[in-house]
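Biologist: I am new to this structure and would like to learn how to read its features. Could you take me through some of them?

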Amino acid sequence: MVLWDSKTATPFWSVKKPQPYGIVAMHLTPNGRQLVAMSALAPDSTLVQQVITIWDLSSPSQTPVVSAKIPSGERKNCLCLSPDGQELITNGRGHVCFWSLTSSSVCLATSPTRRLEFKRATGDFTTSQYLADGLQCTPVKTSAAVADPMLQAATGAHSGEIVLWTPLAVDAQGKKFRKAAKILSIHSSPVYSLTRVDRFLVSGAADGYVRFFDDRLRLVAWFEDLEAGPIKSVHFSQVAKTPLEGAHTLEEDYFSAPDFVVGTRTGSIVAVRSGSFEETSSDVPPHRLLVQGLANNITAFVTHPTKPCFVAAAAGGVVQTWDLLSHALVGTLCLPTPTNITSMAFSHDGMILAMGASMGVVRLCRQADSELIADFRPVKQAITHMDFSSNSKQLALGFSDGSVALVALLSFKGGQTRWDVVGHQAAHPAPGALVGLAFGEAPSGVTKLFSLAKDGSIAEYDVDKPSQARGLRLTSLHHLAGPTAISPGPSPTALAFAPPLPYFTQGCSDTVLLVADEAYKLRLYNADSHLCVSTAVGPLHSGPINSCRVFRSISADTFYIAYSTAQQVVGVMSWPLNGDPAKSLGLIAHPGPVVGMNLSHDGCKLVTAGHKDGSVMVWQMDSNALERTIGGSAAPRNPLQILVDIEGPDSTFQQDVSDYFCYAQLAQQGKQGVGASLQLLEGKLGVDQIMSLCQALGYFLTEQEVSQMLQELAYEAASRQDPAPTHVDLQQFLGLYLNHRPALQEPSDEVSQAFAALGADSATGTLSREELVQALTTCGEPLSQEEMASCMRALTGSEDILQVLSEDVTAGDFACGLLGFDNALDTEPLQISAGA
């Protein structure tokens, strides 16, 4: 929260993170010494509890001097301070609260007034304002004493009406209250702004009109030709307006007000001359555009594939086209029916812009003139993903219910062609399941379409020769973890077609997909053999990757991957991925959620859009600098060098790794004799020792994970036309270890979570000894009786688990008493640095 000097444009007071989710409204007291603020809530918050705070601007303290909680019930979005600074109003969509305010306290003056208590229906409340002194209003009959007869207030509504409140009164019990005195219609659309200036009440509404009402609420002036979009705010100049010279002698005979500026939902700031209302003709325009900004609350965003421009959609169906070179607005489209655009995509030739809405409506528009080509509604669900085929004749749609539909340019009788729905397929039937939808070309030249869900299921669709008779057919449906996997693994978060791997042989036709997941891993999935063929740890910036774009360097034949996370961060990674943090970089691009990330038409700029910060950032990407820092021309580092960088130069962990590797070689030599001695001289270790070595280093992997490692080694060898390796050297082992171990330390209550999954009592956290033994010997990767006895003997010295564990076992008993972990439920996260 920052306060700025309007004359010098410099900040003079600030508070870092005044509330967990920021501030939704604030107001300066009349004397300018204090600031009253109201906290915001998390977007998905179910517990509605906001806070009003008062801050002393003369104090450098980072804590408020007064704090009061707002009654729960609904989210409040407006705060207004009275002219004398002794009262304030807060309102949400259905409640209005009046508060008494002093320098040391904030207390609720009246109980919340609900919109449903009125005798006639009004729309949702939008904003509130105290009125100028002297407003004439027919009072409500009451026997209560009026505490302040000159102070009244108004609240705007979505119906275009305002609710006028009676002066503050006191009933027989001494309780203060206000009642609705009148409900007046002043606009035909939602009232978003109420302001007072001099003796006028000024309103701004969604119809784009600004209207002035006198102290009897009579309309005295109106400005209805601004053509700037729905009015969100009106603010007046501090320079008093000189009255017009002429025959007017009484104040009520003429209209005079300071000049003002209006802010609109389309991001415009317009300066208006109030004197233009009285003018019949003038050489000076009545208003002028000061700033053309982005519409707030960007909901969808896309860059043009062949031109330097981008398109951003905002809440309410406002679609803006901006030039990337001049940073100027070149076009605005307001959809006829207000709706939220949730996804957008350009055809690869840039001729068609597809827009998907929250209710499942798809609009195909000609990019040049925004002319509607076709619209469809395959499913009554929000569209979350869209992607065109490379020939721009097919469009894939992903919906919030996890289903996928295909729209294509089809041929009909008479040689006519038109866009129409081909079919719909519910491959991932779960709400919010879809995390990726990608059209792409296999190395063989075949067009393929894939969808990916949170549960790890990946579907391929038949898009060859689309027709309505065939519909959208499912070619395959597999799981990323494989058909024999015990657990589904971490949930995927993003999907893209991967660039060619450097170890591919000439003419390799495998279709490889790049998949990011919530465990901060980037995996390569062979869509033809349905196998994961490579795993690399990704950047650890502000959460897992949720979007990625592959592009080629202009200065060299090198591929890069631009990525974004759900919150704040965007960055670039160098291809191929090997888990080296020095081959990726990330930066904070936005203060909150990143709603979109795309590359410019020439691949030289990365364009990102924030959700509620009203900004689109254009980042210049210097190919030469990328090559020198994270690119392929930089000398590749071996896994041991990467380990030193991760653990630090003073860490002994890298020496431990080398020692354990040698110990494992010696142990293998003792078992296998002369053959193992030869491998010892060559510095290699049998792949059957990988699990033991990882466990010695604190990574307790499963047999499924070991199988995954061997699978990746075999695939890389086969791509080079080599046999599957039976031994690995230290560098190969470190590459597997660094990329497969958890990027972050497992949660401190991992054992407790496992017990809960096995059916432990929710209150005590206990599991019976018989249930625990049964789970260990029958579930997942079960232990045989011999293996169970061997484990017990190694851990406790006894082969009988009945002698070690009591009849009821807790997670702490199992972790500390059996496994021998110290502070097992209080671990620290691994410190892994990322690229600068």
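This is a predicted model: local features need pLDDT of at least 70, side-chain atom pairs count only at pLDDT 80 or more; totals for chains, interfaces and linings use all residues.

Biologist: Which residues of helix H9 are buried, and why do they lie on the same side?

Modeller: An α-helix has 3.6 residues a turn, so residues three or four places apart point the same way. Helices here are DSSP runs of H or I with at least four residues, strands are E runs of at least two, and both are numbered from the N terminus. In H9 (residues 769–778), Arg769, Leu772 and Ala775 are buried, a word for under 20% relative accessible area, with exposed meaning over 50% and partly exposed in between (1.4 Å probe, protein chains only). Because these residues cover an arc of only 130 degrees around the axis, they are on the same side of H9, the arc being that of the directions from the helix axis to the C-beta atoms.

Biologist: How many bridges join strand S32 to strand S33?

Modeller: Two strands pair if DSSP finds at least two bridges between them. Five bridges join S32 (residues 352–357) to S33 (residues 362–366), and these strands run antiparallel; isoleucine 352 stands opposite arginine 366 in S33.

Biologist: Is leucine 290 buried or partly exposed?

Modeller: Leucine 290, in strand S26 (residues 287–292), counts as partly exposed because its relative accessibility is 39%.

Note on methods. Residues are numbered from 1 along each chain as its sequence is written. Side-chain values use heavy atoms; hydrogens and water are left out.
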